[in-house]
Amino acid sequence: MSTNSIDSLLHEDRHFPPSADFAANSVASASLYTDAKADRLAFWADRAREYVHWHKPFTEVLDWSNAPFAKWFADGELNVAYNCLDRHVEAGIGDRVAIHWEGENGDAVSLTYAQLTAEVKRAANAIAALGIGKGDRVAIYMPVVPEAVIAMLAVARLGAVHSVVFGGFSAESLRSRIDDAEAKLVITADGGWRKGKVFPLKSAVDAALANGTSTVSSVLVVKRGGNDVEWVDGRDLWWHDAVEAAEPEHVAQAFEAENPLFILYTSGTTGKPKGILHTSGGYLTQVAFTHKNVFDLHPETDVFWCTADVGWITGHSYVVYGPLANGATQLLYEGTPDTPHPGRWWELIEKYKVSIFYTAPTAIRSFMKLGRQIPQGFDLSSLRLLGSVGEPINPEAWIWYREVIGANVAPIVDTWWQTETGAIMISALPGLTTLKPGAAQTPIPGIRIDILGEDGTRVDPPQGGLLVVSEPWPSMLRGIWGDPDRYVDTYWSKFSKPEEGVYKYFAGDGAHVDTDGDIVLLGRVDDVMNVSGHRLSTQEIESALVSHHMVAEAAVVGAADEQTGQAVVAFVILKANQTDAQTADEASTMLRSHVASAIGAIARPRQIFIVAELPKTRSGKIMRRLLQDVAEGRPIGDTTTLADASVMQIIGDKLK
Ligand code: WTA
């Protein structure tokens with residue numbers, strides 16, 4: 001229950017109705033709610049026809065006969081890339097800018113829909129020439145450059161499946177994702193810009209493929225960082241050579257609505273990341289619909305900016321597929337918010353006249369810390385709508401965001417969703433909803449959310465409970481790659497009653513409904529941490545720690561952190577005979593970098609405590625709750641179920 005305190009939210013009485021102006025020009029109309037309520041499936045079928053071009057129209061909306069494995073619009077056919085590109089050119093808006101890209105080092109380029117379409121066609125031909133076709137998996141490991149978007153769309157155009165791996169992940173993490181999906185091709189770059197320096201990517205790909213058993217036969221390399229790279233002849237190809245040599249024309253073929261579009265790995269409660277599988281027609285329908293209505297997109301005039309990296313679901317749905325399906329103009333930025341100066345983001349908003357801005361609470365909190373004079377040094381008057389995603393936004397940050405960035409007028413949409421849900425599930429619609437700080441508020445039309453107690457019955461407001469999605473939705477995950485049992489166990493076993501035909505999706509989040517009937521999210525209820533809006537698994541980090549030869553045992557908790565929401569804190573027992581580290585400090589420094597190189601810098605623990613014992617129950621389960629008390633500097637809670645109650649005393653004394 002990280003940043004939101006239930007108490008303060010129960011008493012939240014600041015309300016912000018939409019201005020008359022905003023309401024008058026609102027994309028979303030109240031009929032969306034009534035239509036969805038009247039006939040949910042007909043509502044989604046209408047959205048699918050409104051937002052997607054179907055090469056072959058569907059006649060069936062939802063097939064739930066094999067629940068919890070869903071099929072949406074199954075007999076329809078479409079091409080996702082065609083929907084994001086060619087159809088806009090054919091509709092006469094080819095000259096509209098699709099992407100304004102700005103590199104961290106100041107490089108910049110703008111691509112119109114016509115140019116982007118031409119680039120994707122060539123890239124699709126180049127990728128097809130490497131033997132990639134329908135159903136083949138392609139790993140993409142890139143900085144945020146236009147080629148990352150082009151590569152995703154080119155793969156989609158061929159009916160192949162992309163698996164984008166965030167460029168901050170280690171070679172080891174990349175290797176496990178390539179192997180799990182049995183990718184045939186990797187698309188990467190020599191390096192990218194981050195914090196004023198070039199970080200290498202190609203070398204990590206080389207390391208990931210080094211064992212020689214990989215399924216990968218080709219590596220396409222975009223030149224971006226200009227750093228030196230090693231080359232494997234016969235396997236490696238420069239992107240620019242391959243794309244320049246490719247034919248310019250490529251006719252998009254139609255694929256069935258359930259053709260897989262991408263796999264995206266995310267952390268779960270066990271050590272092994274889950275390959276979340278998304279398909280085409282339903283996914284595109286819901287991302288396009290939500291992008292247009294939640295962000296009140298007026299594509300002729302708006303400039304949209306979602307700050308997420310394309311390596312996360314937010315980048316997939318609200319950098320690539322949502323905005324491009326809607327013919328939006330957007331900004332794509334490669335680097336960090338504070339390079340080369342702490343006002344970089346605000347400078348970009350001024351330069352490109354960004355009107356819709358979508359970012360994470362952790363970023364907002366770090367700007368708050370720097371002070372309002374930094375954003376106030378720029379002209380942010382183009383902004384008319386703000387969004388938040390990734391973790392609960394505390395009311396204080398919400399108010400600051402509205403006042404300082406939104407000039408006290410811009411509505412804020414707090415959007416709750418997950419890698420698994422594919423698209424936004426809970427959010428205000430800005431022209432309709434009276435907004436309230438700290439609450440995601442309302443399921444979007446066509447989505448059914450309930451909050452249940454452990455026994456599966458609905459809790460009465462304002463009691464807290466577990467958030468479930470009670471009806472299937474178009475952009476829902478279709479499974480976990482290669483592991484159907486894990487899909488059923490993780491999401492559909494806790495509250496479903498298959499014998500009664502009842503299926504409820506368990507999201508892993510706590511929530512409550514406040515006295516106004518608004519949904520307030522309270523954070524994860526499982527062993528998934530949320531650090532700066534990134535999902536990390538306690539077990540994955542524990543496995544990384546125990547893989548180090550000095551470590552006997554490790555326990556990881558997510559401790560509340562003012563800026564990052566949660567922070568990784570580890571408790572480690574060293575092996576008795578280890579001699580590598582002379583002091584606890586030394587050991588903890590070594591282990592922190594070990595975790596960063598095993599998983600990626602985002603997983604580096606904020607603190608590692610070297611301890612002699614871990615608190616365990618009589619059955620041997622580590623009591624993370626007690627460690628969390630220590631990590632958050634609270635008095636230690638109830639220790640009566642510990643096998644040895646003195647352990648916490650010893651840990652507490654040692655850390656004092
Ligand atoms: C959390 C990111 C509160 C939540 C799109 C969820 C949020 C996890 C919000 C998914 C929000 C995301 N309010 N919590 N507006 N948005 N979360 O898969 O715990 O990276 O389960 O997807 O982030 O993280 P993921």
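**Aromatic pairs, nonpolar cores and a pocket**

In this predicted model, a cluster held together by ring pairs comprises W64, F69, W473, Y487, Y491, W492, Y503 and Y505. Across the whole structure, 37 aromatic pairs are found. In one of them, the ring centres of W72 and F73 lie 5.6 Å apart with the planes at 55°, so this pair is tilted. Both W72 and F73 are buried. The rings of W473 and Y505, by contrast, form an edge-to-face pair, because their planes stand at 75°, with 5.2 Å between the centres. This pair joins distant parts of the chain, 32 residues apart: W473 lies in the loop between β22 (464-469) and β23 (479-480), and Y505 belongs to strand β24 (residues 505-513). W473 has a relative accessibility of 0% and therefore counts as buried; Y505, also at 0%, is likewise classed as buried.

The largest nonpolar core contains 193 residues, among which I187 and Y321 touch the most other members. Helix α8 (residues 146-157) contributes the largest share of this core, with nine residues. A second, separate core has 19 residues, including F609, V611, L614 and M623. Beyond its neighbours within four places in sequence, I187 contacts I127, V138, A139, I140, Y141, M142, A151, V155, L220 and W239.

At least two lining residues come from each of α3 (31-38) and β21 (449-452). By type, the lining of this pocket consists of 12 nonpolar, two polar and five charged residues.

Technical notes
Residues are numbered from 1 along each chain as its sequence is written. This is a predicted model: local features need pLDDT of at least 70, side-chain atom pairs count only at pLDDT 80 or more; totals for chains, interfaces and linings use all residues. Side-chain values use heavy atoms; hydrogens and water are left out. Helices (H or I, at least four residues) and strands (E, at least two) are DSSP runs, numbered from the N terminus. Ala, Val, Leu, Ile, Met, Phe, Trp, Tyr, Cys and Pro count as nonpolar, Asp, Glu, Lys and Arg as charged, and the others, Gly among them, as polar. A nonpolar core is a set of buried Ala, Val, Leu, Ile, Met, Phe, Trp, Tyr and Cys residues joined through side-chain atoms within 4.5 Å. Buried means under 20% relative accessible area, exposed over 50%, partly exposed in between (1.4 Å probe, protein chains only). Contact means heavy atoms within 4.5 Å. Rings of Phe, Tyr and Trp (its six-membered ring) pair if their centres lie within 6.5 Å; planes under 30 degrees apart count as stacked, over 60 as edge-to-face and the rest as tilted.
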